[in-house]
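Please look over the sequence and the model shown here before reading on. The report that follows takes up a few places in turn.

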Amino acid sequence: MSHNGLVSESVVAALNMELISYVVVRHTLRGEDSLIDNSGNEIELNIHKGLEGLGLLVGLRLSERLLYRQPSFGEWTPPGVSQFVARQFWKTAFGKRIDRLMHMNDIYFCLIDKNFQWLQGFPKMRGERIVSTTVLSAYGYSGETVAEDEGASPRTERLGSVPIHKDVLIYTVGILKGLIRVMYPTGSIEIHANLNNENETQFVLDFRSPTA
Amino acid sequence: MSAGALNFSNEGEKAFESGEKVSAEFFAITYGALVQQMVADLVQEEDVEVVNQQLDAMGRRIGSRLIEEYSVRSGVPACRTFAQAADAVALVGLRMFLNVTATVEPLREVGTDAFSIKFAENPLALFVELPEGPLRERLWYSNVICGVVVGALGMVGFLAEATFARDMLRGDTINEILLCFKGREKETFQIER
């Protein structure tokens, strides 16, 4: 019986959740040793870096496998990148295509997953709360921030070392960054993700040149 | 292969085909990144056993979650004996979740209730080469599988121990897991039939 290159989606989802847990636990446990007053913010920043870093690594390695089979020359266009992510990458990682792909002037794309597989084990969002990441690849790590949830403090949002929605989004954005970096190495791109109260997860690929 | 084993094998294949599937390459890459991170986090470089334990603990958590899907989708009735449980692990569980074709046979040692599970393909080990030294000698790269098996069996009342005996990443010709029965969890809720 030949191996057909597929495994069960639930195993892969469980593994990715364990990876996220591993990073969160590592940094929250280390953070407990710190006596600095702002250790909460430092923990959040380290978790962000750790998750994005591993996501980047996964995305870079995955791009080698996926792009190996693509008969394409030179750099991809923004629409090409977005279509590839919406179809090939989503199929590879989540077993399905993205539900909706919206765009504005072939330069700003929003990929909408109505029921993001990796958030299935997390509580549904209530009220007007929205989870958001803001990741600006152009400025590197030091300039990156985690958007506040309408003023909510990150420390009250996180209970101990249990992963939260944002951790999943940050990690997934990291994978996308690693994947797209290979396809679109010199162009400008910002990637971020939002989860709204309709349980829709949106991944934004913004190819507009940054205003310095 | 016995008639029962053949039925189990068919059930495993059906369960795999009916579920959502994703790329084995993505799976292997994700796992590799995590193992690499665990190794990098070692305080002592030679403390490879710590990674083995972390992978086992991670696997137990995964196994305790997968057993629910197994119960719902596999179509295999609850196992009454450990021999049936070993068959179910090797012929249904590994096929259903990892798309692995495995064989299972009892170990012929007096006084043991133990089974050998062998498989040639390992989706976790795509693209992997272990460097000479402590990693190749002491790391059971796919130890998460042992944890998954023990975690899943624990949820249905079988106390078990699973360990790698042979690993193709170490130069062996086959991957082999030894599955030993350690007892049964007392059922706290009995339904008389």
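Where in chain B does B:E45 lie? B:E45 is found in the loop between α2 (24-40) and α3 (48-73) of chain B, where helices (H or I, at least four residues) and strands (E, at least two) are DSSP runs numbered from the N terminus.

## How to read the model

This is a predicted model, in which local features need pLDDT of at least 70 and side-chain atom pairs count only at pLDDT 80 or more, while totals for chains, interfaces and linings use all residues. Residues are numbered from 1 along each chain as its sequence is written, chains are lettered from A and ligands numbered from 1 in the order in which they are written, and side-chain values use heavy atoms, with hydrogens and water left out.

## Chain A as a whole

Chain A holds five helices and six strands, and their order along the sequence is β-α-α-α-β-β-β-α-α-β-β. Of its 212 residues, 51% count as buried, a word that here means under 20% relative accessible area, with exposed meaning over 50% and partly exposed in between (1.4 Å probe, protein chains only).

Among the contacts in chain A between residues at least 6 apart in sequence, 67% join residues at least 24 apart, a contact being heavy atoms within 4.5 Å.

B:E45 is exposed, because its relative accessible area is 67%.

Which residues does B:G93 contact, once its neighbours within four places in sequence are left aside? They are B:Y70, B:A88 and B:L98.

A further pairing concerns B:S74, which is 19 residues from B:G93 in sequence, while the two are 8.3 Å apart in space, C-alpha to C-alpha.

## Two positive phi values

B:N99 is a residue other than glycine, yet its phi is positive, near 60°. B:N99 sits in the loop between α4 and β2 (102-106) of chain B, and B:N99 is buried, because its relative accessible area is 6%.

B:F127 is likewise not a glycine and has a positive phi of about 65°. Its place is in the loop between β3 (114-119) and α5 (134-138) of chain B.
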